Amino acid sequence: MHFCRPGVCYTVTYVSYVTSSLSTWIVVAFTVERFVAVLYPLQRSLICTVHRAKYLVAFLATTIVLLNLPVFKFLSPPDNCSVDTAYMDYATRFNMIDTAIAFTAPLGAIIVLNVRIMKSVWRLEHARDLLLRVGQQPGPSRVRHMRPPGASPQHRVTRMLLIVSSVFVVLNLPAYTMRLMAYTKVS
């Protein structure tokens, strides 16, 4: 399949914008879910429901599909599959706004939420360590039967999702940096 065939360039470019943005916001959504689960565990079952998750994914997908429709406007005819020079200023502004919506704002949210989650997990581990030390002292204690820090399934899931969201940011940073550099050099 040749990239510059009619419709292929438009479709591939549009789909890449949509999937990039959607994947970013889905990572933000599950980071928010982890934030709620770690910091507000008693409210988690009320806030984080399957119905709400389905609604959120549908809302994100619909919004992102609509927000990226302008991509079709500034692409040149299919013979060279690049930005139409008549729309270069428009495309540059769109790219800056898209980068803010699809990368910068989510990056800020992921960083803030992950820092809060890590602080909470550290406090929890510290409290468990203290309880375990108290439980190891002579005398009757119920604390001796507690699991060691990091052994709970919730804790492992939280650690894995922290890693996934952090790696996601690191892997997307070069692509968005290159997009910004490409548009700033052209304009």
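The legends below describe close-up views of a predicted model.

**View 1. Spans listed in UniProt as transmembrane region.** An unreviewed UniProt entry gives this annotation to residues 55-76, 96-115 and 157-177.

**View 2. Residues 157-177.** The chain here is 100% helix, with 0% strand. A distance of 30 Å separates the end C-alpha atoms of residues 157-177.

**View 3. Salt bridge between glutamate 33 and arginine 34.** The structure has two salt bridges, and glutamate 33 with arginine 34 forms one of them. The closest N and O atoms of glutamate 33 and arginine 34 are 3.1 Å apart. Arginine 34 has a relative accessible area of 4% and is therefore buried, the cut-off being under 20%.

**View 4. Salt bridge between glutamate 33 and arginine 44.** Glutamate 33 also pairs with arginine 44 in a salt bridge, where the closest N and O atoms lie 2.8 Å apart. Because glutamate 33 belongs to helix 1 (residues 8-39) and arginine 44 to helix 2 (residues 44-47), this pair ties together parts 11 residues apart in sequence. Arginine 44 is partly exposed, at 30% relative accessibility.

**View 5. Network of Glu33, Arg34 and Arg44.** Through salt bridges with shared partners, Glu33, Arg34 and Arg44 are joined into one network. Within it, glutamate 33 bridges to arginine 34 and to arginine 44.

Conventions
Residues are numbered from 1 along each chain as its sequence is written. This is a predicted model: local features need pLDDT of at least 70, side-chain atom pairs count only at pLDDT 80 or more; totals for chains, interfaces and linings use all residues. Side-chain values use heavy atoms; hydrogens and water are left out. UniProt positions are given in the numbering used here, feature names are shortened, and annotations may be inferred rather than shown by experiment. Helices (H or I, at least four residues) and strands (E, at least two) are DSSP runs, numbered from the N terminus. A salt bridge is a side-chain nitrogen of Lys or Arg within 4 Å of a carboxyl oxygen of Asp or Glu. Buried means under 20% relative accessible area, exposed over 50%, partly exposed in between (1.4 Å probe, protein chains only).
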